[in-house]
Amino acid sequence: MPELLVDFITSLDGYGAAEGWPGWWGLEGPEYLAWLGESPEADHTVLMGANTYRLMSGFAAEGEPGMDALAGLSKVVFSTTLREPLTWANTRLVNDDAIEVVGKMKHEEGATSMRTIGSLTVCRSLMNAGLVDRFRVVVFPVITGSSGRERIYDGYPDVALDMINSRTFDGRIQLVEYIPKVLAGPPSADKTNT
C-alpha cells in the first residue's frame, strides 16, 4: 500500500517560515543540497496546499537552490482558490477534500507513495485523520521568535513518535524521522495509552 510521509523544514522553535528570511533560513549547505538533489523520495507524489504552492513555485521560478529536484516530481495541490492552469510543471490542481482524496490514493492499485511539503493545514488534517505513515522534520539551527510565521504544530493532536532515522547535514542541520501514532490524549501514568 502506498505510504504518506509528512515532511517539514522548521526553525528550532517550530516555525515553518519567518518574515524576511530567505528559503531554508539561508543555511542550506552542500551536504543538505546534495541530499535534496539525490531526491530521496523522487517516486513519491508531492502533496501541498495553495499557500505552499505559491511560495514554492515562486522559489522555483527565482532559481532558489535545491528547487530543481522538485520540478520534475508529480505534484498535487489541494485548493479551492487557485485556478488552472498552474504554472509549475507536473502539478495537478484538486478542489476536493484532501482527507478523502488521500485516503482513496492510498488504496488505488498501482498508486505511488506520497509526501507533503509545507502545507500546515493539509498536514494537520491528514495527521488528525490518521493517514500519516511517516513524519520527517529537518530542523535548521535558528530561533525565529520575533519573525517566525506559521507555527507548525498548533492544532495537532497528541502524537507519539517512534524514531526510525536521524542524520546531520553540514554539521548543523538535523533530520529526524518517525513513525507517528495519534493518541486519544496524553499517556496516563501507567502507560496504557501508548
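Trainee: Does Glu 19 count as buried, partly exposed or exposed in this predicted model?

Mentor: The model is predicted, and the class follows from the relative accessibility. Exposed means over 50%. Glu 19 has a relative accessibility of 54%, so Glu 19 counts as exposed.

Trainee: What is the N to O distance in the salt bridge of Arg 151 and Asp 154?

Mentor: Arg 151 counts as partly exposed at 41% relative accessibility. Asp 154 is partly exposed as well, with a relative accessible area of 38%. Their side chains meet in a salt bridge, and the N to O distance is 3.2 Å.

Trainee: How many residues apart are Arg 134 and Glu 3, whose side chains meet in a salt bridge?

Mentor: The two side chains meet at 2.7 Å, N to O. Arg 134 is in strand S7 (residues 134–140), and Glu 3 is in the segment before strand S1 (4–11). Arg 134 is buried, with a relative accessible area of 14%, whereas Glu 3 is partly exposed at 22%. The pair links distant parts of the chain, and the separation is 131 residues.

Trainee: Where in the chain does Asp 133 lie, and with which side chain does the side chain of Asp 133 make a polar contact?

Mentor: Asp 133 lies in the loop between H5 and S7 and is partly exposed, with a relative accessible area of 29%. A polar atom of its side chain lies 2.7 Å from the backbone nitrogen of Leu 4. Residues that Asp 133 touches include Pro 2, Glu 3 and Tyr 178. At 2.8 Å, the side chain of Asp 133 also makes a polar contact with the side chain of Lys 106.

Trainee: Which strands stand at the edges of the open sheet?

Mentor: The sheet has 8 strands with mixed pairing, in the order S5-S4-S3-S6-S1-S7-S10-S9. Neighbouring strands are turned by 25 degrees against each other on average, direction ignored. An edge strand here has a single partner strand, so one side of it is left without a neighbour in the sheet. The edge strands are S5 (91–94) and S9 (159–169).

Trainee: Which residue in S5 is the bridge partner of Phe 78?

Mentor: Strand S4 (residues 75–78) pairs with S5 in the parallel sense, over 4 bridges. Helix H2 (residues 50–61) lies across S3, S4 and S5. The bridge partner of Phe 78 in S5 is Val 94.

Trainee: Which residue caps the N-terminal end of helix H4?

Mentor: The buried residues of H4 (residues 98–105) are Ala 98, Val 101, Val 102, Gly 103 and Met 105, and they pack against S1, S3, S4, S5, S6 and H5. At the N-terminal end of H4, a side-chain oxygen of the capping residue lies 3.2 Å from the backbone nitrogen of Ile 99. The capping residue is Asp 97.

Trainee: Which residues touch the most other members of the largest nonpolar core?

Mentor: This core holds 27 residues, and the elements that give two or more residues to it are H1, S3, H2, S7 and S10. Apart from it lies another core, of 26 residues, among them Leu 4, Val 102, Met 105 and Phe 135. In the largest core, the residues that touch the most other members are Tyr 32, Leu 70 and Phe 140.

Notes: Residues numbered from 1 in each chain as written. Predicted model: local features only at pLDDT ≥ 70, side-chain atom pairs only at ≥ 80, totals over all residues. Heavy atoms only, no water. Salt bridge = Lys/Arg side-chain N within 4 Å of Asp/Glu carboxyl O. Buried < 20%, exposed > 50% of the residue type's maximum accessible area, 1.4 Å probe, protein only. Pairing = 2+ DSSP bridges. Axes fitted to C-alpha atoms, helices over the stretch in contact; angles between N-to-C directions. Contact = heavy atoms within 4.5 Å. Polar contact = N/O pair within 3.5 Å; in protein donor to acceptor, adjacent residues only side chain to side chain. Core = buried A, V, L, I, M, F, W, Y, C linked by side-chain atoms within 4.5 Å. Lists of a residue's contacts leave out its neighbours within four places in sequence.
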